Amino acid sequence: MPSVAVKLYSVFFKFMLKHRLQNRIQIDDTINGSQHFGVTSRPNEESIAASNPLFTDGVATKDLHVDPGTSVSIRIFLPETCLGSHESDLKSKSRIRVSGSDSNQGLLRRNSYGNQTHVQKNGFNHRRSSLGSVADDLGLKSENGVYRGYSPVTGKNCRKLPVMLQFHGGGFVSGSNDSTANDLFCRRIAKLCDVIVLAVGYRLAPEDRYPAAFEDGLKVLHWLAKQVNLAECSKSVGSRRGGGTDLKKSDTYGHIADAFGASLVEPWLAAHGDPSRCVLLGVSCGGNIADYVARKAVEAGKLLDPVKVVAQVLMYPFFIGSVPTHSEIKLANSYFYDKTLCTLAWKLFLPEGEFDLDHPAANPLTPGRGPPLKRMPPTLTVIAEHDWMRDRAIAYSEELRKVNVDAPVLEYKDAVHEFATLDMLLKTPQAQACAEDIAIWVKKYISLRGHEFSY
């Protein structure tokens, strides 16, 4: 059974979730009583982690708006393993100490804004020249001697990493890609799986009902494909410059824009991203989004080239249906997310007049849901013992296995919904073990040929 602390926190969590859902109902009434245009905003309901382009804890992060018109955003998590062995050695040498004797060393510290400050010791002032040379080798952007973050070095071999799209939980009505809990989880996954994580900030209900969140997930996948094409254009223009071909003055800027000027080459992805090894990971309701994106990627086929979804991970997906399963009856009042609150969240998410627990977004086994299951990518499903949604996730996995799709199920004893991603539970041994188990399975599909069994 879950610990007493988890049980007490569950009571508090349910109270706060019910309060949020009631507020969403009021927002929905306001929206229905007026015309709704453009982008909506709401106050932060959870702590937010600021992005940091330096390799803090082994991962650098930055935020981007993929579609300004709909406020769809992503947070990129780039592990420092992208630097390669030589660059990593340089970075480890520059992380703390600058040249000096053991008794008189200059220490390098970062303040809360990510900037680096130099500390004198025993009256000796050490110069930054050695640090500057190391930073140049690493590709750390510098401005007036202050290092602002990582930027790939032009002309150097850049290690390519798989790309993982991550969709956060929150019942479609709350949560964010830059929350402290999601930030810590994505950092952990980026390091363990050795991938570039793109945490998607999709639109929330009831301001934006179905299919907004699902379309946002697919939009980021198409944006990733566009980034590859823009990066190739950038390389071709660069080669023309090197060949001495005359270009317009406007081309001297190192950016390549699409027809509307809305997309620019993202340097981290251009230098280190390998979209041919793309993985989808969804947490709770994010699992529903990930499964939708996987289906659309299968239907698109080569139209998404060179992006290829090679696997997906569904962590305690937010599945439901009109005919209750055994767990939906027995665990209806389970921890954190009970069935009553989740049903209310579905009412706020699905379009008015279309509320149906067998809606294709809610029930993965609804008849007529394309494409055929046999074309789906390998799917890992993570479930918790005390989660009322577990049986339907198991049933979906069983249907995938019937058509020879690799679809294992990882069940964790004494675990609750979001046991590996909830802020209070993130640092538990069970949450760490879950992330490690995910990494072991994912690496089967993202490892380069010849290295499949090296993990």
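## Glu266 and its surroundings

In this predicted model, a polar atom of the Glu266 side chain lies 3.0 Å from the backbone nitrogen of Leu269. Glu266 is found in the loop between helix H5 (212–242) and helix H6 (267–272). With a relative accessibility of 4%, Glu266 counts as buried, because the cut-off for that class is under 20%.

Leaving aside residues up to four places away in sequence, Glu266 touches Lys62, Leu64, Ile76, Trp223 and Gln227. One of these, Lys62, also has its charged end over the ring of Trp268, at 4.3 Å from the ring centre. A second case of a lysine over a ring is Lys347, which lies over the face of Phe355 at 5.5 Å from the ring centre.

Ile76, a contact of Glu266, points from strand S2 the same way as Val72, Ile74 and Leu78. Ser73, Arg75, Phe77 and Pro79 point the other way. In a regular strand the side chains alternate between the two faces of the sheet. Both sets are buried. Eight of the eight residues of S2 (residues 72–79) are buried, so the strand is largely enclosed by the rest of the structure.

Strand S1 (residues 59–67) pairs with S2 in the antiparallel sense, over eight bridges. Within this pairing, Asp67 has Val72 of S2 as its bridge partner. The two strands form a hairpin with four residues between them, and Ser71 in the turn has a positive phi of about 65°. S2 is also joined to strand S8 (residues 196–201) by five bridges, and these two strands run antiparallel. Here the bridge partner of Phe77 is Val197 in S8.

## Aromatic pairs

A search of the whole structure finds 19 aromatic pairs. In one of them, the rings of Tyr9 and Phe13 have centres 6.4 Å apart and planes at 50°, so the pair is tilted. Both residues lie in helix H1 (residues 4–32), four residues apart, or about one turn of the helix. An α-helix has 3.6 residues a turn, so residues three or four places apart point the same way. Phe13 is buried, with a relative accessible area of 13%.

Phe214 and Tyr292 give another geometry: their ring centres are 5.1 Å apart and their planes stand at 80°, so this pair is edge-to-face. Because Phe214 lies in helix H5 and Tyr292 in helix H7 (residues 285–300), the pair ties together parts that are 78 residues apart in sequence. Phe214 is buried at a relative accessible area of 1%, and Tyr292 is buried at 17%. Both belong to a cluster linked by ring pairs, which also takes in Phe172, Tyr210, Phe318, Trp346 and Phe349.

## Helix H11

Helix H11 (residues 429–446) has 18 residues, which at 1.5 Å a residue should span 26 Å.

The buried residues in H11 are Ala431, Cys434, Ala435, Ile438, Ala439, Trp441, Val442, Lys443 and Ile446. What covers these buried residues includes helix H4 (180–193). The cover also includes the strands S7 (161–167), S9 (273–283), S10 (309–315), S11 (379–384) and S12 (409–412).

Methods:
Residues numbered from 1 in each chain as written. Predicted model: local features only at pLDDT ≥ 70, side-chain atom pairs only at ≥ 80, totals over all residues. Heavy atoms only, no water. Expected span 1.5 Å × (residues − 1). Buried < 20%, exposed > 50% of the residue type's maximum accessible area, 1.4 Å probe, protein only. Contact = heavy atoms within 4.5 Å. Polar contact = N/O pair within 3.5 Å; in protein donor to acceptor, adjacent residues only side chain to side chain. Phe/Tyr/Trp six-rings, centres within 6.5 Å; stacked < 30°, edge-to-face > 60°. Lys NZ or Arg CZ within 6 Å of the ring centre and 35° of its normal. Pairing = 2+ DSSP bridges.
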